[in-house]
Structures are given as C-alpha cells and as structure tokens.
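Hi there,

Here is the model I promised to pass on to you. Have a look at it first, and then read on for what turned up in it.

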Amino acid sequence: QYGRILPGASEDVANELGITDKDTALDIGSGLGNWSLQIAATHGCPARGLELMKNRAAVATALNIGLNEAINERHALARCGDCELRQGNMRDEKHWDFLTEAEEGGHMKVFVNNFAEVMGRRSTETRDGPTLDDRICAIFAALQPGARMLTLNRMLALGPSRDEANQVRERRGLARS
C-alpha cells in the first residue's frame with residue numbers, strides 16, 4: 001500500500017542511506033511521519049518530513065508530540081533526535097533550505113517514497129512549473145557532497161546510473177568515474 005513500508009524496511013532504508021547520529025534524515029512525502037519519527041528515535045539524529053496532505057501532516061504532528069512525551073520525558077537518558085514535520089508542497093521555495101540543508105556537522109540523508117511512480121502521476125496534475133520528479137532531482141543536485149538520496153522508483157531526469165555511465169566510459173576507452 002502506498003505510504004507504508006514493511007516492518008524492518010525503515011531500518012533497511014536507514015542502513016542503505018548510511019545514517020549516523022550526525023546526519024539529518026529527510027522524508028519527502030512523509031505521510032504520517034512514521035519513517036522520520038522512527039529514525040529520530042532509533043538513530044538519535046535530527047529528522048524532517050514534508051507532507052503535502054494537511055490531514056496526514058496533522059496526524060504526524062500529533063504523533064511527534066506523543067512520541068517526544070513518551071520517550072524524552074520518561075527516559076531522560078534516551079533522547080530522540082529532534083523531528084520537524086511540516087505540511088507543504090516541495091515546489092514551494094520557502095521549504096528549499098528545509099529540504100537541502102543538513103544540520104551542522106552532518107549530511108542530508110533523503111528518503112523519497114515514490115513507490116508506483118506516485119510522484120510522476122501527480123506531476124500530471126499541473127501543467128506549469130517543474131514536475132515532481134524534476135523537483136526531486138533539483139533537490140538532489142543541490143545537496144552537499146556526502147549526502148545520499150534513496151528513491152523507490154528511478155529518477156529518469158538524473159540520467160544513467162554510475163554503473164551505466166562507467167560502462168559507456170569503458171566502451172569509449174575512458175577511465176571509470
């Protein structure tokens with residue numbers, strides 16, 4: 001089902017991204033905030049989520065408040081990382097720094113749950129401005145070195161994968177990149 005990842009998969013995503021307590025975890029299309037909240041609680045890093053749908057973002061905010069009360073106030077030594085969940089559109093420039101700038105000393109580690117090409121389909125809802133896939137690619141391009149992004153569907157606007165590009169380079173007699 002869209003918006004859900006299987007139990008255990010949250011940790012698999014975190015491991016694939018190489019999240020440490022210094023990094024800033026970001027979930028674009030965060031829904032109820034499950035992934036962001038779990039990563040902040042289990043990795044102790046700052047986490048963020050941006051969700052377009054108002055009702056989902058409202059539930060996420062309530063969950064965030066409840067989780068902080070349950071863990072941080074009852075177990076003072078087991079602090080969660082700060083988790084900021086916002087309602088908004090990733091195309092809105094007011095969210096640019098939130099989407100691209102890591103906390104000092106760490107890197108952005110971004111999860112995009114674009115399962116079943118949901119972002120591509122939603123992109124057809126508007127005819128003006130960049131598609132959602134284009135915006136994801138622009139965010140990726142703006143991240144500082146050391147950042148990582150994991151998407152569930154390939155971002156075609158980014159071009160070939162590193163392996164594909166290196167195969168072409170090798171065929172042309174060029175060194176791997």
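F111 is buried, with a relative accessible area of 2%; buried here means under 20% relative accessible area, exposed means over 50%, and partly exposed is in between (1.4 Å probe, protein chains only). Before going further, a word on the source: this is a predicted model, in which local features need pLDDT of at least 70 and side-chain atom pairs count only at pLDDT 80 or more, while totals for chains, interfaces and linings use all residues. Residues are numbered from 1 along each chain as its sequence is written, and side-chain values use heavy atoms, with hydrogens and water left out.

Back to the rings. A search of the whole structure gives one aromatic pair. The ring centres of W35 and F111 are 5.3 Å apart and the planes stand at 45°, so the pair counts as tilted. For such a pair, the centres of Phe, Tyr or Trp rings (for Trp, the six-membered ring) must lie within 6.5 Å; planes under 30 degrees apart are called stacked, over 60 edge-to-face, and the rest tilted. W35 belongs to helix α2 and F111 to strand β4, so the pair ties together parts that are 76 residues apart in sequence. Helices (H or I, at least four residues) and strands (E, at least two) are DSSP runs, numbered from the N terminus. Like F111, which has a relative accessible area of 2%, W35 is buried, at 3%.

After α2 comes G44, whose phi is positive, near 70°.

Now the sheet. Five strands make up an open sheet in the order β3-β2-β1-β4-β5, with parallel pairing; two strands pair if DSSP finds at least two bridges between them. β3 and β5 (148–151) are the edge strands, each pairing on one side only. On average, neighbouring strands of this sheet are turned by 15° against each other, direction ignored. Such angles run from 0 to 180 degrees between N-to-C directions, with axes as lines fitted to C-alpha atoms, for helices over the stretch in contact. Helix α1 (residues 9–17) lies across β4 (108–112) and β5, and runs at about 140° to β5; contact means heavy atoms within 4.5 Å.

Strands β1 (residues 24–28) and β2 (residues 47–51) run parallel and are joined by four bridges. The partner of L26 in β2 is R48. How many residues of β2 are buried? Five of the five are, so β2 is largely enclosed by the rest of the structure. From β2, A47, G49 and E51 point one way and R48 and L50 the other, and all are buried. In a regular strand the side chains alternate between the two faces of the sheet.

The loop between β1 and α2 holds L32, which is partly exposed, with a relative accessible area of 29%. Leaving aside neighbours within four places in sequence, L32 is in contact with L37, R56, V59, A60 and L63. L32 and L63 are 31 residues apart in sequence, and 7.9 Å separates their C-alpha atoms.

On to the charges. There are six salt bridges in the structure, each being a side-chain nitrogen of Lys or Arg within 4 Å of a carboxyl oxygen of Asp or Glu. One of them joins R135 and E93, at 3.1 Å from N to O. R135 lies in helix α6 (residues 132–142) and E93 in the loop between β3 (83–87) and α4 (96–100), so this pair ties together parts that are 42 residues apart in sequence. R135 is buried, at 9% relative accessible area, whereas E93 is exposed, at 51%.

R86 forms another salt bridge, with E84, where the closest N and O atoms are 3.0 Å apart. Both partners are partly exposed: R86 has 26% relative accessibility and E84 has 37%. The charged end of R86 also sits over the ring of F98, 3.9 Å from its centre; this requires NZ of Lys or CZ of Arg within 6 Å of the ring centre and within 35 degrees of the ring normal. R176 and E170 form a salt bridge as well, the closest N and O atoms being 2.7 Å apart, and E170 is partly exposed, at 43%.

Best wishes
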